[in-house]
Amino acid sequence: MAHTEETIVALATPNGAGAIGVIRLSGPDAITIAQKVWKGKDLTRQASHTLHFGRIVDGELELDDVVASLFVAPRSYTRENVVEISCHGSNYIIESIIKLLIKNGARAAKAGEFTLRAFLNGQLDLSQAEAVADLIASNSKASQQVALQQLRGGFSNQLQQLREQLVQFASLIELELDFAEEDVEFANRDQLKRLTHEITRVIGNLIQSFELGNAIKNGVNTVIAGRPNAGKSTLLNALLNEERAIVSHIPGTTRDTIEEVLNIQGINFRLIDTAGIREATDTIEQIGVQRTMEKISQSALLIYVYDAEQITVEELNSDLESLQKPGVTMLVVANKADLLSAEQLLALPHTDKAIIISAKEKQHIDELKSKIYQAAIKEQLSGHETLVTNIRHLEALQKTEEALIRVLNGIDTVTSDFLSMDIKQALHYLGEITGAVTTDDLLDNIFSKFCIGK
């Protein structure tokens, strides 16, 4: 837990030399400490949200010309007094200023301590604080949008509404327990049943959204697989629009996996080009084929590529049957269409399910990208719905759902004290998500993963 009576300091910009560095001070004495090393206007007399040019001095020694940004409590990120000093990005200058501030009463901040203070001071709830880290780590438009929606309280507001409704019924059932001898019923069981069904439905939708939310946050594992010389590496190069993989007419050229990231409409796909699937002719190729099968089992999306000129219907059906795995969406791609006549194209097996392309000539690659995107999001992403992206939130929601199911199963059969116990369990797990229920270990685990300056 943060000792909020202390004033903390850290570099808020990335380490390394740059044009500028921003040093952040937060705490009750932030402005006073900054004033001790400041040459310019009296910072203690200036208004919040103002910028001031001056110098950082250590006695008679001038360290740098800087700009100080003032945020007076509670109008700051942490709801404490905050001073951000923008100096030149020399590592020597930055380290010298931080050491000087520590000498004058500040303490070096721990990882995530600024955001921890924002949470402890009521500026953010816990799920919003975690969204700060997700926003910093976002590497695509979709992941940025999901993190931003959570930071602005979309997820928190939905959970708060659910908790408020449950708290109302929990209070009524507690009241029943106080009047147990009179056998009075304050909580309408039919109304509780309807509410619990509705909340369970909403919780179930949030749990189901994790698959998409996790894909947006971390990218979609996408394996390109098929028989040797089907054009897998050529397809990888075509999708990336660069010569990333070695291409040869010799079967078995790719013996290990090659991984690259492709962004399609704001979502990252981690493309994995694999060794051709066949009876291996040597130990190295055998290991490559084994890795291919492992990657397929771990993937969310499988792009199966076959040589439209060479493969038979029997071979194709055999491959499709052996490669289909539970939870893995498969796209079937007929490659080398440029070598086929119109009659041959019409005679292709599974043309109703296959996307026909020529990776070498880059024909229909844009259509394939569109199919890849649709296969991943399954028309779930509209930009308005709440998506769960955090495994901690998922586990808490699953425990909430289990408690609510116990409520539903016992509404007509168990006594009020057992109902109250299950509703309290549901409230507890919902509260863990937003921070209404916390422990020091939980907070330490979450904020230790933040960068120092945040």
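How many bridges join strand E4 to strand E5, and which way do the two run? Nine bridges join E4 (residues 50–58) to E5 (residues 61–71), and the strands run antiparallel. Along this pairing, Thr50 stands opposite Leu70 in E5.

A quick word on the ground rules. This is a predicted model, where local features need pLDDT of at least 70 and side-chain atom pairs count only at pLDDT 80 or more, while totals for chains, interfaces and linings use all residues. Residues are numbered from 1 along each chain as its sequence is written, and side-chain values use heavy atoms, with hydrogens and water left out.

**The sheet and its helices**

The protein has 16 helices and 13 strands; these are DSSP runs (helices H or I, at least four residues; strands E, at least two), numbered from the N terminus. Seven strands make up an open, mixed sheet in the order E3-E4-E5-E6-E2-E1-E7. Its edge strands are E3 (38–39) and E7 (107–108), each pairing on one side only. Pairing here takes at least two DSSP bridges between two strands.

Helix H2 (residues 91–103) lies across E1, E2, E4, E5, E6 and E7, at about 150 degrees to E6. Helix H3 (residues 113–120) also packs on the sheet, touching E1, E2 and E7, and its direction makes about 135 degrees with that of E1. Those angles run from 0 to 180 degrees between N-to-C directions, with axes fitted to C-alpha atoms, for helices over the stretch in contact; contact means heavy atoms within 4.5 Å.

**Rings and charges**

The structure holds three aromatic pairs (Phe, Tyr or six-membered Trp rings with centres within 6.5 Å).

**Burial and contacts**

Of the 454 residues, 48% count as buried, that is, under 20% relative accessible area with a 1.4 Å probe, protein chains only. In helix H5 (residues 141–151), the buried residues are Ala142, Ser143, Val146, Ala147, Leu148 and Gln150. Just after H5, Gly153 takes a positive phi of about 95 degrees.

Among contacts with a separation of 6 or more, 65% come from residues 24 or more positions apart.

How values were computed:
Phe/Tyr/Trp six-rings, centres within 6.5 Å; stacked < 30°, edge-to-face > 60°. Buried < 20%, exposed > 50% of the residue type's maximum accessible area, 1.4 Å probe, protein only.
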